[in-house]
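User: I am new to this structure and would like to go through it step by step. Please answer my questions briefly.

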Amino acid sequence: ISKSAIVQSAMLLKLTLYTRHSCFLCDKMKAAIRHVADDIPLSLEEIDIDTSPELTARYGRDIPVLLVEGHEIARHRVTTDALRKTLGERTAGHPRL
């Protein structure tokens, strides 16, 4: 792995989205994330809660849930503007940037 690849990887904000198939709100949140990803470097891990009985019990119908660097920032809905603002604040104070 090149040094530039390591630096670039370290600069990405890590987003985790708890979701499931056929979830309208999940699709809307993914669209907002994709839109913001054009401007803010991030990586997205999507986790289908239906693949784990523990996650299904934990979240049930209370999805989508979006985490940034392990901290919940949104549940059910997020606008593109709100997400951009939150992630912009995180990158401004991001120790790896």
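Predicted model: local features only at pLDDT ≥ 70, side-chain atom pairs only at ≥ 80, totals over all residues.

User: In what order do the strands of the open sheet stand?

Analyst: The sheet is open and has 4 strands, with mixed pairing. β2 (42-48) and β4 (71-75) each have a single partner strand, so one side of each is left without a neighbour in the sheet. Neighbouring strands are turned by 25 degrees against each other on average, direction ignored. The order is β2-β1-β3-β4.

User: Which residue is the bridge partner of Val68 in β4?

Analyst: Strand β3 covers residues 65-68. β3 pairs with β4 in the antiparallel sense, over 4 bridges. In β4, the partner of Val68 is His71.

User: What angle does the direction of helix α2 make with that of β1?

Analyst: Helix α2 spans residues 24-37 and packs on the sheet. The helix touches β1 (13-19), β2, β3 and β4. Its direction and that of β1 make an angle of about 165 degrees.

User: How many of the 7 residues of β1 are buried?

Analyst: A residue counts as buried when its relative accessible area is under 20%. β1 is largely enclosed by the rest of the structure. The number of buried residues in β1 is 6 of the 7.

User: What is the hand of the β-α-β crossover from β1 through α2 to β2?

Analyst: β1 and β2 are paired in the parallel sense over 7 bridges. The chain goes from β1 through α2 to β2, and the crossover is right-handed.

User: Which residue in β3 stands opposite Leu17?

Analyst: The pairing of β1 with β3 is antiparallel and runs over 4 bridges. The residue in β3 opposite Leu17 is Leu66.

User: Is Lys30 buried or exposed?

Analyst: The side chains of Lys30 and Asp27 form a salt bridge, at 3.9 Å from N to O. The two residues are 3 apart in helix α2, which means a separation of about one helical turn. Asp27, at 43% relative accessibility, is partly exposed. Lys30 has a relative accessibility of 15%, so it counts as buried.

User: What is the N to O distance in the salt bridge between Asp62 and Arg75?

Analyst: Asp62 lies in the loop between α3 (53-59) and β3, and Arg75 in strand β4, so the pair ties together parts that are 13 residues apart in sequence. Asp62 is partly exposed at 27% relative accessibility. Arg75 is partly exposed too, with a relative accessible area of 31%. The N to O distance between their side chains is 2.4 Å.

User: Is Asp81 buried or exposed?

Analyst: Asp81 forms a salt bridge with Arg84, and their closest N and O atoms are 4.0 Å apart. Both residues lie in helix α4 (residues 80-92), 3 residues apart, about one turn of the helix. Arg84 is partly exposed at 26% relative accessibility. With a relative accessible area of 60%, Asp81 is exposed.

User: Which residues do salt bridges that share partners join into one network?

Analyst: A salt bridge here needs a side-chain nitrogen of Lys or Arg within 4 Å of a carboxyl oxygen of Asp or Glu. By this rule the model has 9 salt bridges. The network formed through shared partners consists of Asp27, Lys30 and Glu46.

Key:
Residues numbered from 1 in each chain as written. Heavy atoms only, no water. Pairing = 2+ DSSP bridges. Axes fitted to C-alpha atoms, helices over the stretch in contact; angles between N-to-C directions. Contact = heavy atoms within 4.5 Å. Buried < 20%, exposed > 50% of the residue type's maximum accessible area, 1.4 Å probe, protein only. Right-handed = clockwise from strand over helix to strand, strands pointing away.
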